[in-house]
Amino acid sequence: PFPVQVKNKAPAEVQITAEQLLREAKERELELLPPPPQQKITDVEELNDYKLRKRKTFEDNIRKNRTVISNWIKYAQWEESLKEIQRARSIYERALDVDYRNVTLWLKYAEMEMKNRQVNHARNIWDRAITTLPRVNQFWYKYTYMEEMLGNVAGSRQVFERWMEWQPEEQAWHSYINFELRYKEVDRARTIYERYILFTALVIVHPDVKNWIKYARFEEKHSYFAHARKVYERAVEFFGEEHMDENLYVAFAKFEENQKEFERVRVIYKYALDRIPKQDAQNLFKNYTIFEKKFGDRRGIEDIIVSKRRFQYEEEVKANPHNYDAWFDYLRLVESDADAETVREVYERAIANVPPIQEKRHWKRYIYLWINYALYEELEAKASRENSDAERTKQVYQACIELIPHKKFTFAKIWLLYAQFEIRQKNLPLARRALGTSIGKCPKNKLFKGYIELELQLREFDRCRKLYEKFLEFAPENCTSWIKFAELETILGDIDRARAIYELAIGQPRLDMPEVLWKSYIDFEIEQEEYENTSNLYRRLLQWTQHVKVWISFAQFELSAGREESLSRCRQIYEEANKAMRSCEEKEERVMLLESWRSFEEEFGTDATRERIDKLMPEKIKKRRKLQAEDGSDAGWEEYYDYIFPEDTANQPNLKLLAMAKLWKKQQQENEAAEMDPDKDIDESQS
């Protein structure tokens with residue numbers, strides 16, 4: 001035939017998948033075959049013919065593939081259904097010759113014999129099975145169960161004994177124990193437990209504690225409490241400290257708790273907690289806490305809570321040794337409960353974690369570990385020692401000072417604390433030497449201040465002067481130091497020396513707080529009632545700054561000085577200030593000056609001076625200005641208040657023109673109001 005030529009090779013509009021074909025076949029049931037017709041056998045010949053055909057079919061299947069055990073089993077079960085037990089045995093034996101390792105084959109063979117009450121045959125098969133495949137536990141379970149169901153307890157025990165010689169798994173031993181317990185043979189069960197424990201100890205590399213616990217609970221269940229305690233003690237001795245398990249000690253403690261031996265329970269828990277790693281003792285902690293809450297006193301409950309918190313802190317510092325906050329919490333806990341040696345050990349572990357980077361911000365928390373350590377040695381540990389020597393505290397301070405990299409940064413606090421400690425020990429030369437060393441190695445403002453404060457308390461004023469001189473050489477811009485130095489000289493009555501110090505101070509090219517220094521100098525001269533010097537100081541200060549507060553303070557000083565013509569002097573200062581502030585861009589400061597001047601005139605001035613100051617007061621107006629964003633774009637408009645001073649309007653014709661425009665607008669509004677209300681004008685004319 002000629003091949004069919006397809007002209008249109010385009011895909012069809014409706015695509016059919018293989019899944020659709022299978023689904024349709026399933027729905028239409030195209031592959032279902034009708035069941036074969038039932039045959040009715042009426043005589044022996046037909047029966048024999050049927051048997052022959054079936055046997056031939058089974059034999060053909062076996063001949064095709066001898067290793068398919070399911071064919072053998074179906075063949076044997078068919079013969080069994082015909083009560084041909086001998087033929088079924090023959091088939092099973094032939095199958096075992098093919099594959100004697102098949103577990104199902106043995107099981108079906110033995111079940112057939114048991115089903116047909118062939119007990120001896122079944123025993124024979126089980127014996128052959130456990131001899132051939134002794135590691136198949138199912139054979140042993142079935143064999144022992146059969147013997148027990150037949151009431152042959154001795155035979156079942158004999159099978160168990162044969163099984164135990166093969167050292168089976170744990171469940172086999174427990175099955176044997178349960179078998180003996182079903183017949184109240186407690187002594188035999190105990191013997192089996194002993195054999196099993198010995199087996200696990202000798203054969204298994206890592207024995208499990210649960211077998212010991214089961215043995216002890218078995219003894220406890222049968223009221224052999226002394227035996228149970230002995231089992232627990234043997235288990236503790238057997239596992240030792242290298243393979244300790246918290247479950248064993250929990251079970252031991254609960255056993256003693258049931259026997260009302262509370263002291264034994266407490267000893268067991270403490271022994272285990274001291275030796276088991278904390279991360280493996282969570283359940284132990286929990287049970288100990290519950291026990292103390294039930295039977296313990298307040299001290300016992302606190303002990304267990306402290307130990308639990310100690311474990312948490314240990315985990316934190318182990319995860320991050322440089323977490324100094326965790327160390328502080330841990331040390332606070334240990335100090336409140338533990339002995340001095342334990343606390344000292346934790347402190348040593350904490351200070352061993354030196355910050356890896358030599359930057360002061362990383363050392364700020366760390367240095368407090370040393371400080372707390374030194375204070376603990378001096379205060380707490382001293383109280384617990386009979387001979388209260390301070391050598392250990394001194395060693396802590398010296399080790400800390402040697403550890404700090406003083407060329408990069410230092411901590412004045414540690415130097416000062418060390419010096420104060422030496423003073424408490426009545427070692428003044430050592431304290432001075434420590435502070436002198438600190439100033440020589442790493443001078444700081446706080447060190448100078450602490451050293452000066454110490455010498456002041458000792459009334460060593462010559463040393464204070466020398467220290468102030470060194471301090472001011474180190475930091476000449478520190479106004480507070482100059483002021484304190486001058487105050488010291490003032491207290492000592494050396495006024496000229498104090499004045500000279502102030503003169504040196506204000507002559508420095510760079511100061512951190514010059515306004516504070518000038519104010520202190522002025523107050524000093526006022527206290528000495530040197531008013532002329534004070535006026536000169538104000539004049540000198542005004543050469544440096546034209547700040548409005550300086551002018552106001554100058555005027556108030558002249559007013560309160562109580563000298564002749566103080567009012568005229570004060571008014572003259574306000575006049576000078578007003579002239580100087582005309583060029584000031586900050587109009588609020590000028591307004592502040594005028595308000596202060598007006599307050600002065602209202603209290604001490606005349607009508608003419610009050611009228612004059614009123615004319616100088618500015619006018620407050622509202623204005624608008626354009627805003628710009630950071631990128632230069634328009635950001636809208638904002639309103640603000642501005643001040644217009646009369647003195648400035650005379651010099652600016654635009655402002656005068658603006659005032660005239662406002663006056664004209666006001667007159668226009670009045671005229672419009674008069675036109676809107678003519679009756680009012682008539683009434684006014686009549687009146």
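Which helices are included in what covers the buried residues of α23? They include α22 (412–424), α24 (445–457) and α25 (461–474). This is a predicted model, where local features need pLDDT of at least 70, side-chain atom pairs count only at pLDDT 80 or more, and totals for chains, interfaces and linings use all residues. Residues are numbered from 1 along each chain as its sequence is written, and side-chain values use heavy atoms, with hydrogens and water left out.

**Whole chain**
- The chain has 36 helices and two strands, taken as DSSP runs (helices H or I, at least four residues; strands E, at least two) numbered from the N terminus.
- Of its 687 residues, 36% are buried (under 20% relative accessible area; exposed is over 50%, partly exposed in between, with a 1.4 Å probe and protein chains only).

**Helix α23**
- Buried here are A431, R432, A434, L435, S438 and I439.
- They sit on the same side of α23, because they cover an arc of only 160° around the axis (from the directions from the helix axis to the C-beta atoms).
- The face turned away from that side carries the exposed P429, R433, G440 and K441.

**Aromatic rings**
- There are 29 aromatic pairs (Phe, Tyr or six-membered Trp ring centres within 6.5 Å; planes under 30 degrees apart are stacked, over 60 edge-to-face, the rest tilted).
- Y141 and W163 are edge-to-face, at 4.9 Å centre to centre and 90° between planes.
- Y141 is in helix α7 and W163 in helix α8, so the pair ties together parts 22 residues apart in sequence.
- W163 is buried at 1%, while Y141 is partly exposed at 29% relative accessibility.

Terms used:
Contact means heavy atoms within 4.5 Å.
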